[in-house]
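Visitor: I am new to reading structures, and I would like to learn where the labels come from. Could you take me through this one?

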There are 2 protein chains.
Amino acid sequence: MYKENNKTITAQALRRMPYYIQQLRILQSEKIETVSAPKIAERLNLNEVQVRKDFAAVSSTKGKPKAGFSISELLANMEELLGYHNSDEAIIVGAGSLAQAIISYEGFQNYGIKIVTAFDVNPQCIGTEINGIKVLTADKISDLCRRMKIHIGIITAPAHQAQVVCDQLVAGGVLAIWNFAPVHLSVPEHILVQNENLAASLAVLSKQLKQAMKKLN
Amino acid sequence: MYKENNKTITAQALRRMPYYIQQLRILQSEKIETVSAPKIAERLNLNEVQVRKDFAAVSSTKGKPKAGFSISELLANMEELLGYHNSDEAIIVGAGSLAQAIISYEGFQNYGIKIVTAFDVNPQCIGTEINGIKVLTADKISDLCRRMKIHIGIITAPAHQAQVVCDQLVAGGVLAIWNFAPVHLSVPEHILVQNENLAASLAVLSKQLKQAMKKLN
DNA sequence: TTTTTATCAGTATTATTATATCGATATTGT
DNA sequence: ACAATATCGATATAATAATACTGATAAAAA
């Protein structure tokens, strides 16, 4: 749970923000200026009250009965909240196809994160470029992080290398780690780890599907 | 929330299963036969009670005071739960680097999902292979899904194509969609959509980091 | 054999998140 | 100007998830 000008935004609400932004942008491109919570709720298949609360939690101004909220203000508030305008540099470790996908991910920089270098252990990759980002040898991780004061590390290395890489990042002074390896990472207390575990999502999907199929029979 | 032999597994517990499996496998490889909830909790930085409840929810046998749970049984139960042994076929739409990463993802089939074909609109990709999986032209999506009775579709296409692709999948009889495009998909009631939104995770990470940095100053 | 101890199962409590309800109010149409 | 209506904010309730507590018990130690 996070606070922004004495308002509280829940973790779940934060995860919904990108979807709101997407919808608001669409409306904005249609020259619409205000929108109500129920309208957005309908478009995103969410509960009306939930959307209104989320809007209230980020919006710097109040919504008006009947009219709703100002789209441009909501967008500005959400972008501010998500750190669109203050970019922080990041590095990525493991220069495989996942790294490539992440590097070329549209709207990455919008979230205040800019990938400056990639690392890999494979000598074949080293020296090459991915979307304009150089791939360096993995021994230099801590060194470069320290010199460039990098705060964010992204791990797309294979599971068996993830902990080693993680330790190097921490040694280099990295504060937040975005981990795509399907393993738990041990880190000191103060380090943030955000796990992006395909396996976990797959587990949920697979289970849900099993349920759904059972119903069909 | 899901039921398995009159036990209830929460969605959150399900997401933790892959982590448990990972740890249990490590212990098993060290020839250890039983493990207690607090031990696993410590390794994964989780609450002891949470782990015990999760174990109780999947385990076919009870844990023993002082000794804990049988590792091999827990593993068998978790694998069964996640559908390790009954594979369902899936297709992936959008044959870019993300698709490649997913296709080559280790242990994919473990979750009961096997990718049989990829699709793309780009004529350059069509006919090529990614890790042994053929890339076909996107017009054939519904047709192939229907003919092969595919139940799972994975969308790695760009945001602006996602809804079109989604509609084609639904038209082809797909029941569950794993969506990597950072947009909301409109689907009929009965279709399952699992969103894997990098933007949403990034939003959380970025916000957390901002908080953490504030503390440091 | 008795005591100690780690762990369990079950129940209670708390925290978080989602949804429902209701009176107040700005806008629209009569 | 007035009534109808969509939407708001606020408060209340419900659902879900996490954590704390307690007495019972199997295994290890004395």
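Visitor: Which strand of chain B does Asn179(B) lie in?

Guide: Asn179(B) belongs to strand E10 (residues 176-179) of chain B. Strands (E, at least two residues) and helices (H or I, at least four) are DSSP runs, numbered from the N terminus. Before we go on, this is a predicted model, where local features need pLDDT of at least 70, side-chain atom pairs count only at pLDDT 80 or more, and totals for chains, interfaces and linings use all residues. Residues are numbered from 1 along each chain as its sequence is written, chains are lettered from A and ligands numbered from 1 in the order in which they are written, and side-chain values use heavy atoms, with hydrogens and water left out.

Visitor: Why is Asn179(B) called buried?

Guide: Buried means under 20% relative accessible area, exposed means over 50%, and partly exposed is in between (1.4 Å probe, protein chains only). Asn179(B) has a relative accessible area of 0%, so it is buried.

Visitor: What does Asn179(B) touch?

Guide: Contact means heavy atoms within 4.5 Å. Leaving out residues up to four places away in sequence, Asn179(B) touches Ile155(B), Leu185(B), Val193(B), Gln194(B), Asn195(B) and Glu196(B). A polar atom of its side chain also lies 3.2 Å from the backbone oxygen of Val183(B).

Visitor: Is Leu14(A) buried or exposed?

Guide: Leu14(A), in helix H1 of chain A, has a relative accessible area of 0% and is therefore buried. The C-alpha atoms of Leu14(A) and Leu81(A) are 9.0 Å from each other, while 67 residues apart along the chain.

Visitor: Why does Lys66(B) count as exposed?

Guide: Its relative accessibility is 87%, so Lys66(B) counts as exposed. Lys66(B) sits in the loop between H3 and strand E4 (69-70) of chain B. Although Lys66(B) is not a glycine, it has a positive phi of about 70 degrees.

Visitor: And what is the phi of Asn131(A)?

Guide: Asn131(A) is not a glycine, yet its phi is positive, about 50 degrees. You will find Asn131(A) in the loop between strand E7 (129-130) and strand E8 (133-137) of chain A. With 57% relative accessibility, Asn131(A) counts as exposed.

Visitor: Which residues are closest to DNA strand C?

Guide: A residue is near a strand if one of its heavy atoms lies within 4 Å of it. DNA strand C is surrounded by 25 residues, the closest being Arg16(A), Ala37(B), Arg52(B), Lys53(B) and Gly63(B). Of the atoms of DNA strand C that come within 4 Å of the protein, 73% belong to sugar and phosphate.

Visitor: How far is the side chain of Arg52(B) from a phosphate oxygen of DNA strand C?

Guide: An N or O atom in the side chain of Arg52(B) is 2.7 Å from a phosphate oxygen of DNA strand C. A polar side-chain atom of Ser36(B) lies 3.3 Å from a phosphate oxygen of DNA strand C.

Visitor: What rotation superposes chain A on chain B?

Guide: In general, two copies of a chain are related by a rotation about an axis and a shift along it. Here the rotation is 180 degrees, with 0.0 Å of shift along its axis (RMSD 0.1 Å). That is the relation of a two-fold axis. In chain A, the C-alpha nearest the axis is that of Ser97(A), at 2.6 Å. The superposition is by least squares on the C-alpha atoms of residues with pLDDT of at least 70 in both copies.

Notes:
Polar contact = N/O pair within 3.5 Å; in protein donor to acceptor, adjacent residues only side chain to side chain.
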